[in-house]
Amino acid sequence: INKLGRTIATNIPAPSGATFPLNFTVPDTVQRFGGDINLNIAGFTTLEGTYGFELETASGATEIRVAGTNINAVLGSNPDGIIGNADDVGARISNAKLGAVLFRTAAGATSYAIDAKGTASLVGVAGFTVTGDLAARVNTTGGAVNKSITLPNGETVPVIFASTEAAAVFKGTVTAEVSGFATISGGFAVAKDGSKLTIAAAGVTAFVGTGNMGVRVTDGKLGIVVKTDTKKFAAVASGTAALEGVAGLTVTGTGSVRINKLGTAIDETITTPSGDVTVKFDNGTDILQVRGTLNLQFQSFVYASGDFLLEKTQVSDLTTITLAASNLNAFLGVNYGVAGEFGVKVTGAGVAMLIEKQGSNAAKYAISTTGGTAGLVGLAGVDLTGPLALNINKLGRTIATNIPAPSGATFPLNFT
């Protein structure tokens, strides 16, 4: 603390006969204090690290700056008071860093900016582990912030925000495992800016099962945009899944889900530590869209594969569902794909379907196949193969429309 209003370079006589230096290179009005802390509260909370505080007052306004580095803590049970020992049970924070600036104007209005990051983990719980690198950034000032806080050891901690950043961002990477039965990992980000809340996860991998048998998900993505004032949202999700460890049975597939309840177009890219996630809808149509591919084979007896796209839209009290499937292939028999193949085989089929429900009335539909052949294969001297044809119209009216297909093209659905 220097209240002299000038620079100081002097030595103060000490009791030992030596001197203590008292140096201020600038007539600084900032008051500072700090050091190292080691806090233990009844074996429940333990905290250690290096900290610094700065206080500055000018023209009735007050600014408080707080920083900490090498922060380690346990929230839970820590009987011996030593962080990192086997007796820790609860949430453990490691190697964390904190910078915060608190503002108070002469009129009494308050705001703050906080930047914190570190590693968090759940420890001491048998069969359940969680660990991740986490970061939180919050700025309630409504503008840019560029401050630097000096610790007693000379280290500086910056607190920097651009004026265009979201008011609050929480992001990181997480890995969790439950008793060898389920694992999940990936990067995530949560941000709030005004009435807009965004949530995203990317690079998600997961396994649910036991030993080497179960379902594995890879390249998972999730993006959600919520308007907190209207409580409406838009969301996208995608990933790849596969069944593992079942002898003779192969099941793989990719899928995606898209939902827009915002009532407006949206184009939002959310950044996570594991990649970006884009939530994009070109218009405000109330839509639910499910798209995917599926491949299934059981030894050489059963095979099925295909692509599908389902869309649900809502306009007033009219609910419309369209379903299109393409590249449908199926086999039921023996020796699929090898010499001696025998059974019923469907190749290259497509399906277009339209379902409508008006208010409380019963749902009605129309369905039509598009191409494809079906036949009996492998029977010597018998050729039983022909085109697939299925046409049903229960809508009670003529139809001339195109059904969105998985390829991005459309399937015609026509009933004259």
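With which side chain does the side chain of S305 make a polar contact? In this predicted model, the partner is the side chain of Y303, at 3.2 Å. S305 has its place in strand 20, which covers residues 302–315, and it is buried, with a relative accessible area of 11%. When neighbours within four places in sequence are left aside, S305 is in contact with L294, N295, N327, L328 and N329.

**Nonpolar cores**

The largest nonpolar core is made up of twelve residues, namely A200, A202, V225, A234, V236, L262, I266, I270, V277, V279, F281 and I287. Two or more residues of this core are given by each of strand 13 (196–210), strand 15 (232–244), strand 17 (266–272) and strand 18 (275–281), and the largest share, three residues, comes from strand 18. For one member, A234, the surroundings can be listed: not counting residues up to four places away in sequence, A234 touches G223, I224, V225, I259, N260, L262, I266, V279 and F281. A second, separate core holds eleven residues, among them A366, I403, A405 and L413.

**Salt bridges**

Side chains of opposite charge can pair when their charged atoms come close. In this model the count comes to 14 salt bridges, and the table sets out some of them.

| Pair | N to O distance |
|---|---|
| E63 and K147 | 3.3 Å |
| R137 and E165 | 2.9 Å |
| K261 and D286 | 3.1 Å |

In the salt bridge between the side chains of E63 and K147, E63 lies in strand 5 (residues 61–77) and K147 in strand 9 (residues 145–150), so the pair ties together parts that are 84 residues apart in sequence. E63 is buried, with a relative accessible area of 11%, whereas K147 is partly exposed, with a value of 27%.

The salt bridge of R137 with E165 also links distant parts of the chain, R137 being in strand 8 (residues 128–139) and E165 in the loop between strand 10 (156–161) and strand 11 (168–178), 28 residues apart. R137 counts as buried at 18% relative accessibility, while E165, at 32%, counts as partly exposed.

In the salt bridge between K261 and D286, distant parts of the chain are again linked, with K261 in the loop between strand 16 (249–260) and strand 17, and D286 in strand 19 (residues 286–298), 25 residues apart. K261 is partly exposed, with a relative accessible area of 38%, and D286 likewise counts as partly exposed, at 23% relative accessibility. Beyond the separate pairs, salt bridges that share partners join R32, E54, E56, E63, R65 and K147 into one network.

**Aromatic rings**

A pair of aromatic rings is described by the distance of the centres and the angle of the planes. A search of the whole structure finds six aromatic pairs, one of which is the edge-to-face pair of Y51 and F53, with 5.5 Å from centre to centre and 65 degrees between the planes. Why does this pair count as edge-to-face? The planes of Y51 and F53 are 65 degrees apart, and because an angle over 60 degrees counts as edge-to-face, the pair is given that name. Y51 is partly exposed, with a relative accessible area of 24%, as is F53, with 29%, and F33, Y51 and F53 form one aromatic cluster.

Charged groups also sit over rings: the charged end of R137 lies over the ring of F161, 4.0 Å from its centre, and R258 lies over the face of F281, at 4.2 Å from the ring centre.

Terms used
Residues numbered from 1 in each chain as written. Predicted model: local features only at pLDDT ≥ 70, side-chain atom pairs only at ≥ 80, totals over all residues. Heavy atoms only, no water. Helix = DSSP H or I, 4+ residues; strand = E, 2+ residues; numbered from the N terminus. Buried < 20%, exposed > 50% of the residue type's maximum accessible area, 1.4 Å probe, protein only. Polar contact = N/O pair within 3.5 Å; in protein donor to acceptor, adjacent residues only side chain to side chain. Contact = heavy atoms within 4.5 Å. Core = buried A, V, L, I, M, F, W, Y, C linked by side-chain atoms within 4.5 Å. Salt bridge = Lys/Arg side-chain N within 4 Å of Asp/Glu carboxyl O. Phe/Tyr/Trp six-rings, centres within 6.5 Å; stacked < 30°, edge-to-face > 60°. Lys NZ or Arg CZ within 6 Å of the ring centre and 35° of its normal.
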